[in-house]
Each structure stands twice: as C-alpha cells, then as structure tokens.
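Me: I have a new chain to look at. Can you walk me through what is in it?

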Amino acid sequence: MLTIYKCIRGSHAAGMALKNSDKDYFSIVLPNPNDLIGLGNMKGSQYINKETGEDHRIVTLREFLISAIHGRNIELETLFVRKEFILETDDVGNNLLKNRDKLLSNRIFRSILGFVSGQRKTTINENKQRFRNDLGYDPKSMAHALRAMWQAVELKRLNQLKVYIDDEKIRQQILMIKQGQVSRDKTLTWLDRMESLFRSLPNSSLQEEPDYNFWNNFLVETHLFFLINGH
C-alpha cells in the first residue's frame with residue numbers, strides 16, 4: 001500500500017478545534033497490486049486510537065475519486081485544506097491537488113444540503129450521546145450543520161471550496177454553538193438565515209458534473225504506472 005496523500009481534516013482543519021479536540025486524519029492510498037488486478041479487494045477503513053481518540057480514515061484512490069465525482073463534500077474537501085494541514089503527498093497526490101478544481105461541480109450542493117438536513121435531524125435526537133438536555137439539542141451536530149451551510153454559501157459565491165472558516169464572526173458563532181453557549185432557537189435561526197442566504201444567491205457557474213473521462217484516464221494511467229514501476 002502506497003500513501004499518495006495524507007492530511008488533517010475535521011475541526012482542526014476548519015479552525016474549530018477546542019482544547020480537548022482530537023485530530024482527524026485522512027489518507028488516500030494506492031493498494032497493493034493484488035488488490036488492483038487480483039482477487040484482493042481493498043476497501044476504505046477507519047481506525048480510531050482508543051487512547052488518544054484520533055480518527056484516521058483511509059481510502060483508495062478509486063474510492064476517493066468515485067466519492068468526489070459524486071460531490072461527496074466530506075471527502076472532497078480534504079483536497080482543499082490549508083497547506084499546513086497537508087502532512088504527506090507524492091507526485092500523484094500533487095497531481096490531484098493541481099486538478100482539484102476539476103472535481104468541483106453542482107453535485108456538491110446536493111451533498112452539502114443533504115448533510116445539513118441530516119445534522120439538523122440529529123440535533124434534536126435525544127438518543128444521541130452528545131444530546132444536551134439543558135439545551136434541547138446536540139451542539140456538535142449543529143456546529144457541523146452551520147459550518148457546512150457556510151461552506152455552501154462561499155462555494156456558490158466564489159466558486160471556491162473552503163475548509164478553514166476565515167470569516168471570524170461566523171467562526172466564533174460556530175464555536176459558541178459547539179461549546180453549548182447558544183440556545184436551540186438561536187442556533188436554528190442562524191442556520192435558517194444561512195440557508196436562506198444560500199438560496200437567494202444566483203446559480204453557481206460550476207460545471208454540472210466533473211469530466212468523467214478525464215478522471216477515468218487519470219485513474220487508469222496512475223494504476224498502470226504504479227503496477228509497472230512499483231513504489
């Protein structure tokens with residue numbers, strides 16, 4: 001297995017880490033040859049260090065590109081973290097970074113809005129361990145929802161997928177929510193306002209969907225080079 005890209009994602013990459021926040025890692029790998037052309041079938045995995053709480057998600061290049069082409073923002077945004085959060089990259093990883101904007105399309109908006117809807121439901125689900133009875137909602141889920149909605153607004157306005165929240169006012173609002181310092185009604189109002197702003201903006205000029213042939217050729221050529229030349 002060859003790691004072609006590794007980064008820090010999650011709260012640290014977004015600028016929302018608290019003192020007790022664990023680091024989340026994300027890696028894209030090329031699997032061993034048997035998993036590419038043989039009977040092996042490596043799939044993405046997730047490792048959680050029980051002692052440190054650190055979370056490490058590992059996916060193959062094929063899995064990553066399929067998710068990215070379909071606009072799955074949770075994994076696609078890992079290519080857009082700030083440079084200081086990129087821990088490892090090689091020629092293939094650099095090529096991915098160089099062409100990352102070609103993965104952006106209007107599909108990502110459906111993914112983000114679906115994510116926000118899911119987080120909104122989780123916010124009022126009393127069965128979740130993070131649910132705060134004194135607040136009547138799950139602060140962490142609401143913080144995720146508001147960050148994603150801000151991300152959708154910025155992407156629609158600027159055609160840029162941002163991970164780090166560079167709007168200090170928004171960042172402080174989300175941090176206050178995450179720490180349980182804001183009432184349920186106020187958090188829902190903030191989220192509704194952000195969603196209304198998103199819907200009021202003109203349609204984005206992003207492509208409707210990524211160039212499938214470009215990324216298919218990218219994957220084929222990368223795999224062939226890897227099989228012929230090895231690590």
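This is a predicted model: local features need pLDDT of at least 70, side-chain atom pairs count only at pLDDT 80 or more; totals for chains, interfaces and linings use all residues.

Me: OK. How many helices and strands are there?

Reply: The chain has ten helices and five strands.

Me: And what share of the residues is buried?

Reply: Of the 231 residues, 48% are buried.

Me: How much accessible surface does the chain have, and what part of it belongs to carbon and sulfur?

Reply: The accessible surface is about 12,500 Å². Carbon and sulfur atoms account for 47% of that.

Me: What about contacts along the sequence? What share joins residues at least 24 apart?

Reply: That share is 71%, counted among contacts between residues at least 6 apart in sequence.

Me: Let's switch to charges. How many salt bridges does the count give?

Reply: The count is eleven. Take Arg 57 and Glu 75, whose closest N and O atoms are 3.3 Å apart. This pair links distant parts of the chain, 18 residues apart. Arg 57 is in strand 4 (residues 55–60), and Glu 75 is in helix 4 (residues 73–76).

Me: Is Glu 75 buried or exposed?

Reply: Glu 75 is buried, because its relative accessible area is 3% and the cut-off for buried is under 20%.

Me: Which other residue meets Glu 75 in a salt bridge?

Reply: Arg 72 does, at 3.3 Å from N to O. Arg 72 is partly exposed, with 37% relative accessible area.

Me: Now helix 9. Which residue pairs with Arg 199 there, and at what N to O distance?

Reply: Glu 195 pairs with Arg 199 in a salt bridge, 3.0 Å from N to O. Both sit in helix 9 (residues 184–200). They are four residues apart, so about one helical turn separates them.

Me: Rings next. How many aromatic pairs are there?

Reply: There are four aromatic pairs. One of them is Phe 109 with Phe 198, a tilted pair. The centres are 5.5 Å apart, with 50° between the planes.

Me: Where do those two sit in the chain?

Reply: Phe 109 lies in helix 6 (residues 107–123) and Phe 198 lies in helix 9. The pair therefore ties together parts that are 89 residues apart in sequence. Phe 109 is buried at 8% relative accessible area. Phe 198 is buried too, at 5%.

Me: Which aromatic pair is edge-to-face?

Reply: Phe 214 and Trp 215 form an edge-to-face pair. Their centres are 4.9 Å apart and the planes are at 85°. Phe 214 is partly exposed, at 28%, whereas Trp 215 is buried, at 2%. Ring pairs also link Phe 214, Trp 215 and Phe 218 into a cluster.

Me: And which charged end sits over the ring of Phe 198?

Reply: That is Lys 156, with its charged end 4.2 Å from the ring centre. Elsewhere, the charged end of Arg 82 sits over the ring of Tyr 164, 3.8 Å from the centre.

Me: Back to the surface. Which residues form the nonpolar patch?

Reply: They are Ile 37, Val 220, Leu 224, Leu 227 and Ile 228. Together they have about 500 Å² of accessible area.

Me: Which helix gives the most to that patch?

Reply: Helix 10 (residues 212–229) does, with four residues. Ile 228 is found in helix 10.

Me: Why does Ile 228 count as exposed?

Reply: Because its relative accessibility is 70%, and the cut-off for exposed is over 50%.

Me: Where does Asn 159 lie?

Reply: Asn 159 is in the loop between helix 7 (139–158) and helix 8 (168–178). Asn 159 is partly exposed, with a relative accessible area of 28%.

Key
Residues are numbered from 1 along each chain as its sequence is written. Side-chain values use heavy atoms; hydrogens and water are left out. Patches are made of residues with over 30% relative accessible area and no salt bridge: like charges are joined within 9 Å, nonpolar side chains (Val, Leu, Ile, Met, Phe, Trp, Tyr) within 5 Å. Accessible areas come from the Shrake-Rupley method with a 1.4 Å probe; for residues, only the protein chains shown count as cover. A salt bridge is a side-chain nitrogen of Lys or Arg within 4 Å of a carboxyl oxygen of Asp or Glu. Buried means under 20% relative accessible area, exposed over 50%, partly exposed in between (1.4 Å probe, protein chains only). Rings of Phe, Tyr and Trp (its six-membered ring) pair if their centres lie within 6.5 Å; planes under 30 degrees apart count as stacked, over 60 as edge-to-face and the rest as tilted. A charge sits over a ring if NZ of Lys or CZ of Arg is within 6 Å of the ring centre and within 35 degrees of the ring normal. Contact means heavy atoms within 4.5 Å.
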